[in-house]
Amino acid sequence: MINGLLCMELPKISSDKVVELAYQLFDLSRNNEMIERMTAEYPLQFLFNSGKMLSSFETQLEGLMSGDTFDFDLEVEEAYGAYDDTKLKQVFKDELTLNPNYPIERMRVGDRVQLEVGGQRHAGILKLVTEKYLVVDQNHFLAGKRLRFRGTILFVRKASIEELL
């Protein structure tokens with residue numbers, strides 16, 4: 001208690017806390033190009049240490065509190081790994097399970113797609129469309145990139161029982 005006021009310590013980011021943050025993400029491999037932004041109006045919210053975020057990202061945030069800022073880099077290996085050419089998959093058009101909501105004729109290079117061939121799914125970015133086949137890049141779109149995260153912790157709170165389930 002200070003001057004008759006009850007002072008509560010702000011919770012720190014740790015396991016079983018819900019974190020809300022605003023950030024900018026930069027691609028250091030491309031001259032610090034900003035590739036993503038989450039604002040205070042539309043923040044990123046996640047359950048810390050739930051396996052949904054990069055562990056290297058969480059390591060950098062652990063122990064921070066509401067109002068703290070962060071600015072850190074992740075090397076390729078700490079982020080989404082090296083680009084892997086073996087994750088380029090050729091899918092023949094005549095083997096596709098057709099989706100009437102997304103006909104082949106509407107598919108364009110650069111589209112994010114989820115294709116099904118014989119019960120096997122191929123999700124990724126469409127790299128090539130030919131008369132007979134498609135090429136889908138199944139690498140994470142940030143694979144092979146050095147990343148910089150810069151932002152502010154907006155809110156930290158204990159997760160509810162429902163959030164932990």
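Guide: Let's begin with overall size: the protein has a radius of gyration of 21 Å, whereas a compact globule of 165 residues would have one near 15 Å. That radius is taken over C-alpha atoms, and the globule rule is 2.2 Å times the number of residues to the power 0.38. Along the principal axes, the C-alpha atoms fill a box of roughly 75 × 40 × 25 Å.

A word on where these values come from: this is a predicted model, in which local features need pLDDT of at least 70, side-chain atom pairs count only at pLDDT 80 or more, and totals for chains, interfaces and linings use all residues. Residues are numbered from 1 along each chain as its sequence is written, and side-chain values use heavy atoms, with hydrogens and water left out.

Now follow the chain. The protein has two helices and nine strands, and from the N terminus they come in the order β-β-β-α-β-β-β-β-β-β-α. Here helices (H or I, at least four residues) and strands (E, at least two) are DSSP runs, numbered from the N terminus. Of the contacts with a separation of 6 or more, 63% join residues 24 or more positions apart; contact means heavy atoms within 4.5 Å. Buried residues make up 32% of the 165, where buried means under 20% relative accessible area, exposed over 50%, and partly exposed in between (1.4 Å probe, protein chains only).

Ser 56 counts as buried because its relative accessible area is 13%. Leaving aside neighbours within four places in sequence, Ser 56 is in contact with Leu 74, Glu 78 and Ala 79. With Glu 78 there is a further detail: the side chain of Ser 56 reaches the backbone oxygen of Glu 78 at 2.5 Å.

Next, move on to the loop between α1 and β4 (69-74), where you will find Gly 67. Gly 67 counts as exposed because its relative accessible area is 52%. Even so, Gly 67 has contacts beyond its neighbours within four places in sequence, namely with Thr 152 and Ile 153. As for Arg 30, this residue is 37 residues from Gly 67 along the chain, and their C-alpha atoms are separated by 29 Å.

Note on methods. Polar contact = N/O pair within 3.5 Å; in protein donor to acceptor, adjacent residues only side chain to side chain.
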